[in-house]
Amino acid sequence: MIRYYSTRDPHKNLVRFEEALLKGLAPDGGLYIPNRIPKIEPEAWLEARSIAEVGIAVLGTWLKDEIPATDLEAIVRDALNFPCPLVPLSDDLFVLELFHGPTLSFKDFGARTMARLMQYFLRQRGERRIILVATSGDTGSAVADGFAGQDNIEVVLLYPKGMVSEVQERQLITERPGVRSFAVEGTFDDCQRMVKEAFVDPELAHLPLSSANSINIGRLLPQALYYLWAARQVNSLGERVGAEINFCVPSGNLGNLTAGILAALMGQPVHKFIAAHNDNHFFPDFLQGKAEAYQFHPTIATLSNAMDVGSPSNFERLYTLLGPEKLRAWVWGTTVSNEATLARMKKTHQTCGYMACPHTAVGLEAQARYRAQTADPTPTISLACAHPAKFPEVVFSALGQEPPPEQALQVLYNRPTRVQTIGPTLQALKAFLL
Ligand SMILES: *Cc1c(COP(=O)(O)O)cnc(C)c1O
């Protein structure tokens, strides 16, 4: 049986997945991690024809004593009902497009699956929840979309005012049943801090608060699936079943990278992870062993705004899972400036005909640097995190042309919006919650 304990609990008290999912953050402020990671034989997903089928096999192993197989299958098929294609850019470099879900970023995988899992458990318990989400752009819309209209769940979104793109903002403030959006006069870190403070505030203790940030283990497990699915596709192309690959992960809060590490610990051979960061360089500093690494930094606003995180929450989880030596040996990191991001968008478009969003471009630039520095010939999968049409301004400044219009975004402009601006304090948030 797989159980979960808090990264801050010296006694490693175990809770069920149901509890870890519904709580999000552990009561001691730590993050839940599994007490063991099941080894999943490649056969379990080698025959899969879709990511949903990978999900049924893999999540089935994780959750088998908590959710009956038929219920889980229905949840996974309903959640992961969109494609995730692998696009070759060269013989040994592939882009995994994770932006074909309803809100056009990889956040849809975790949010949609988590919403359905939560709904499943809440219905059984006859309970309700208020989900607090701090978002740097994409999480909020994915969560709002994934949870909207569930009568036992309300969603409260906090995003940094003026620090998300126009399209992202439109996605966040589009009116949805059961969703309230707040534009916070501060940074993503302020939003994240307000959420964390709300959880431990005695005056809010009577509210059934829960979180849906990537601190929730219920988002990370579904994200591990696309690593397995992509590896399977690359390896079956070259009939290199079970061979090692590299993954390049554009990173902010380090949830996606943690999901990749989980996939690797489940048995997918990974030679190197490449952690691609923008000017928010906490994690690359840590990997390079810089002395000041353990100090978190204030957030710096960049063109890849969904990765603008000065103090990544999942660092604590990664650190506890692997420890510093293993982390430094397995993960190679670099930081990519705005100029280098734009240059890589342009180069990728010119040489491969591929239009990358700024986050994806940070990854492509990082993997190019890694190759140049190491000459490592291992085939690499670089994650494409969001659709370029979400960032038309950045695409235009890199390429001199706008991305083609995207139906899923255009319909948003005909829908009513609802948003309230608040200061960056718990007090301001509390006024609405109470
Ligand atoms: C959330 C997000 C990231 C960063 O992912 P983390 O799990 O926070 O590291 C990167 N790119 C896009 C487009 C995102 O939405």
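A search of the whole structure, which is a predicted model, finds 17 aromatic pairs, a pair being two rings of Phe, Tyr or Trp (its six-membered ring) with centres within 6.5 Å. One of them joins Phe273 and Trp330, whose ring centres are 5.4 Å apart and whose planes meet at 80°, so the pair is edge-to-face; planes over 60 degrees apart count as edge-to-face, those under 30 as stacked and the rest as tilted. This pair links distant parts of the chain, with Phe273 in strand 10 (residues 270–277) and Trp330, 57 residues apart from it, in helix 12 (residues 315–330).

Residues are numbered from 1 along each chain as its sequence is written. In this predicted model local features need pLDDT of at least 70 and side-chain atom pairs count only at pLDDT 80 or more, while totals for chains, interfaces and linings use all residues, and side-chain values use heavy atoms, with hydrogens and water left out.

Around the ligand there are 15 residues, of which Lys107, Asp138, Gly252, Asn253 and Asn256 come nearest, where near means a heavy atom within 4 Å. The shell divides into seven nonpolar, six polar and two charged residues.

| Residue | Polar atom in | Distance |
|---|---|---|
| Asp138 | side chain | 2.5 Å |
| Asn256 | backbone | 2.8 Å |

The protein covers 98% of the 380 Å² of accessible area that the ligand has on its own, as computed by the Shrake-Rupley method with a 1.4 Å probe.

Elsewhere, Asn81 lies in the loop between helix 4 (69–79) and strand 3 (86–90), helices (H or I, at least four residues) and strands (E, at least two) being DSSP runs numbered from the N terminus. The C-alpha atoms of Asn81 and Phe17 are separated by 23 Å.

Terms used. A polar contact is a pair of N or O atoms within 3.5 Å; within protein, one must be able to donate a hydrogen and the other to accept it, and residues adjacent in sequence count only if both atoms are side-chain atoms. Ala, Val, Leu, Ile, Met, Phe, Trp, Tyr, Cys and Pro count as nonpolar, Asp, Glu, Lys and Arg as charged, and the others, Gly among them, as polar.
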